[in-house]
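Q: Could you take me through this structure? I have not seen it before.
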Amino acid sequence: MTAGFVSAQDMSRLPDGEITRFGSYSAWLVGPTDIYRHAALGDAIEAEGFVIERDGSPLSYRLPADQVYEDRRVRLTDVDGDGSPEALIIRADLTQGASLALYTIKGDEIELMAESEPIGQRSRWLNPVGIADFSGSGEPLIAAVVTPHLSGSLRFYRIEGKGLVNLGGIDGVTNHINGSRDLDLSNVADLDGDGSMEIVLPSLDRTRLVAVSFRQGRAKIETEWQVPSPIQRMITAGDGTVKLELANGQRSTVNLQK
C-alpha cells in the first residue's frame with residue numbers, strides 16, 4: 001500500500017486520539033493498527049492515516065504499510081502564513097523509528113510538505129514541543145524532544161525544501177513520561193519579552209523545571225526551578241505561572257516571570 005487516500009473502511013478514529021481545530025478546519029487520526037507495538041503512549045494501537053475536515057468536507061491521507069503515526073493528535077498551525085493550516089504529526093517507520101512529518105493542503109489533496117530524518121532505530125520516539133519563532137528572526141522553527149525517555153534531546157528544526165533540518169539543541173530534558181498519554185509536558189512562552197519564545201520543560205529526571213532559549217544557533221538553559229519530587233504533569237495558567245503535579249502527590253506553582 002502506498003501513501004495516499006484513506007479508504008472508507010479505514011476512517012475509524014484512533015481510540016485515544018484527539019480532535020484538533022484551526023478556524024474552520026478540524027483534524028484527527030484514523031485507521032487504528034497494532035503493527036508497530038512500541039506502546040510509548042500507553043498502548044500498542046497507532047494510526048495508519050489522518051483526516052482534515054475543511055468547511056465540513058473531509059480530506060484524508062494514508063501512510064504506506066511500513067509506517068504509522070505514533071501520535072494522538074494532528075497539530076494544525078499556519079507555518080507558511082497563507083491563512084490555511086499545515087499539519088505536524090509524529091510518524092514512525094517500522095525499522096527506522098520516529099520522525100517529524102509536516103503536511104500541507106494543495107487544492108483537494110493533502111501532500112507531504114517536509115520531513116525530518118528518522119531517529120534511525122525501531123522503537124525510538126520523539127515528541128514535538130511546538131512551532132514558533134524561537135530564534136528571534138521572525139522565522140518559525142519546529143522544536144521537539146528526541147528520545148525523551150533516553151537522552152532527552154531538545155532539537156530545533158528549520159524547513160528547507162522538503163526537509164526539516166536539525167539546527168541543534170540541548171540534551172538532558174524531557175516532555176513526556178514513557179507510557180503516558182499526556183503529550184504536553186512542556187510550554188512555549190516569551191518569558192523575557194524580547195520577541196523570541198522560550199521553552200519550559202522538565203529536566204530528564206524531572207526534578208527541575210528549566211527554561212531553554214535558542215539564539216544565534218545555540219540552545220541555553222536560562223532559568224531553572226528545583227522541585228521536591230519528579231514532575232508528573234504541567235498545567236499552564238494564563239497568569240504567567242505553571243502548576244505542577246508531582247510524583248509524591250504534592251502540587252507546586254512556578255512563576256515563570258521570576
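A: The turns below cover a pocket, a strand with its partners, a loop residue and the nonpolar cores.

Q: Before that, what kind of model is this?
A: This is a predicted model, in which local features need pLDDT of at least 70 and side-chain atom pairs count only at pLDDT 80 or more, while totals for chains, interfaces and linings use all residues. Residues are numbered from 1 along each chain as its sequence is written, and side-chain values use heavy atoms, with hydrogens and water left out.

Q: What is the volume of the largest pocket?
A: The volume of the largest pocket is about 460 Å³. A pocket here is an open set of points on a 1 Å grid over the protein atoms alone, where a 1.4 Å probe fits, with protein on both sides within 12 Å along at least five of seven lines. The volume is the space filled by probe spheres set on the points.

Q: Which residues lie nearest its centre?
A: Of the 21 residues that line the largest pocket, Arg-73, Arg-75, Val-129, Leu-183 and Asp-184 lie nearest its centre. Lining residues have an atom within 4 Å of a point.

Q: And which strand gives the largest share of that lining?
A: The largest share, five residues, comes from β10. Strands are DSSP runs (E, at least two residues), numbered from the N terminus.

Q: Changing topic, how many residues of β16 are buried?
A: Six of the eight residues of β16 (208–215) are buried, where buried means under 20% relative accessible area with a 1.4 Å probe, protein chains only.

Q: What does β16 pair with?
A: β16 runs antiparallel to β15 (198–202), with four bridges, and antiparallel to β17 (218–226), with eight bridges. Two strands pair if DSSP finds at least two bridges between them. Leu-201 stands opposite Val-210 in β16, and Val-212 stands opposite Ile-221 in β17.

Q: What about the turn between β16 and β17?
A: Two residues lie between the strands of that hairpin, and Gln-216 in the turn has a positive phi of about 55°.

Q: Where is Ser-203, and why does it count as buried?
A: Ser-203 is in the loop between β15 and β16. Ser-203 counts as buried because its relative accessibility is 1%. Leaving aside neighbours within four places in sequence, Ser-203 is in contact (heavy atoms within 4.5 Å) with Gly-172, Val-173, Thr-174 and Arg-208.

Q: Lastly, how many residues has the largest nonpolar core?
A: The largest nonpolar core has 19 residues, and those with the most contacts inside it include Leu-29 and Phe-50. Such a core is a set of buried Ala, Val, Leu, Ile, Met, Phe, Trp, Tyr and Cys residues joined through side-chain atoms within 4.5 Å.

Conventions:
Buried means under 20% relative accessible area, exposed over 50%, partly exposed in between (1.4 Å probe, protein chains only).
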